[in-house]
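Subject: Structure for your files, with notes

Hello,

Please find the structure below, followed by notes on what was found in it. Could you look through them when you have time?

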Amino acid sequence: MTKTSIQMIAIAIALFLVQVIVLNRICLFGVAVPFAFIYIILRLPVSISKEWLFTIAFLLGFTVDLFSDTGGIASLSCLIMAALRRPILHLYFPREDELTDPFPSIASLGLLTYFKYALTMSLLYCILAFTLESLSLFHFWHLVGCVVASTVLTTALLIGIDSLTLPRREKRL
């Protein structure tokens, strides 16, 4: 295993534990729920095969479902997010061969492009998760409020996590 693989596994375990233990109990103003664990799907390498991408997304969503008692909502949302990941990335960064790093991040995409990518993926996950959770549009404005607030909170969290994982520059004497 490479250093990057070990680092990604450690980040995945840490984010999963933080999501299940802390973030699932947070609901700001009754509408905003942060979803930090989707960072793993955003950060997977661009060159990963579809089989591995879907397997990782499903297992990530399934374990969150197991510990959060959400009945498959996270699994389905993660799978759909994984399926649409490459087309969404191509919206904002059309040529994969220009990436400096195969892992989408602030360092490889730039802050603005990564922000748009993270915002779109967060919006997609929140729309799927909250729509599946409500299974109706009776409380449409509450649903819209939950989606918008959770998307903003999740995107800010994803940008923060990615800035913490930026490689430190070496100081030369």
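A nonpolar core is here a set of buried Ala, Val, Leu, Ile, Met, Phe, Trp, Tyr and Cys residues joined through side-chain atoms within 4.5 Å. Buried means under 20% relative accessible area, exposed over 50%, and partly exposed in between, with a 1.4 Å probe and protein chains only.

This is a predicted model, in which local features need pLDDT of at least 70 and side-chain atom pairs count only at pLDDT 80 or more, while totals for chains, interfaces and linings use all residues. Residues are numbered from 1 along each chain as its sequence is written, and side-chain values use heavy atoms, with hydrogens and water left out.

The core

The largest nonpolar core has 49 residues, of which F37, Y114 and Y125 touch the most other members. The elements that give two or more residues to this core are helix 1 (3-21), helix 2 (39-43), helix 3 (50-68), helix 4 (73-92), helix 5 (106-109), helix 6 (111-134) and helix 7 (140-164). Helix 6 gives the most, with 10 residues. Helices (H or I, at least four residues) and strands (E, at least two) are DSSP runs, numbered from the N terminus.

Contact means heavy atoms within 4.5 Å. Leaving aside neighbours within four places in sequence, Y125 is in contact with F35, F37, I38, A74, S77, C78 and M81. One of these, S77, has its place in helix 4 and is buried, with a relative accessible area of 0%. With neighbours within four places again left aside, S77 is in contact with Y125, L128, A129 and L132.

Helix packing

Two packed helices are described by the angle between their axes and the distance between the axes. Axes are lines fitted to C-alpha atoms, for helices over the stretch in contact, and angles run from 0 to 180 degrees between N-to-C directions. Angles under 35 degrees count as roughly parallel, over 145 as roughly antiparallel, 65 to 115 as roughly perpendicular and the rest as oblique. A crossing is left-handed if the near helix is turned anticlockwise from the far one by less than a right angle, and right-handed if clockwise. For residue classes, Ala, Val, Leu, Ile, Met, Phe, Trp, Tyr, Cys and Pro count as nonpolar, Asp, Glu, Lys and Arg as charged, and the others, Gly among them, as polar.

Helix 3 with helix 4: the axes come within 7 Å and cross at roughly 155°, so the two helices are roughly antiparallel to each other. Helix 3 passes helix 4 in a right-handed crossing. On the helix 3 side the contact holds L53, F54, A57, F58, G61, F62, V64 and D65, which meet I73, A74, S75, C78, L79, A82, A83 and R85 in helix 4. By class this contact has 12 nonpolar, 2 polar and 2 charged residues.

Helix 4 with helix 6: these pack at an angle of about 150°, with their axes 9 Å apart, which makes helix 4 roughly antiparallel to helix 6. The crossing is right-handed. Among the residues that make the contact are S77, C78 and M81 of helix 4 and Y125, L128 and A129 of helix 6. The residues of this contact divide into 17 nonpolar, 3 polar and 3 charged.

Helix 6 with helix 7: the angle is about 140° and the axes are 8 Å apart, which makes helix 6 oblique to helix 7. Helix 6 passes helix 7 in a right-handed crossing. Residues in the contact include Y114, F115 and F130 of helix 6 and L143, C146 and L158 of helix 7. By class there are 13 nonpolar, 7 polar and 1 charged residues.

Single residues

F54, in helix 3, is partly exposed, with a relative accessible area of 32%. Not counting residues up to four places away in sequence, F54 touches L79, A82 and A83.

V20 is found in helix 1 and is buried at a relative accessible area of 11%. Residues up to four places away in sequence aside, V20 touches R25 and F67.

D69 lies in the loop between helix 3 and helix 4 and is exposed, with a relative accessible area of 72%. Most residues other than glycine have a negative phi. Phi of D69 is near 60°, a positive value in a residue other than glycine.

Regards
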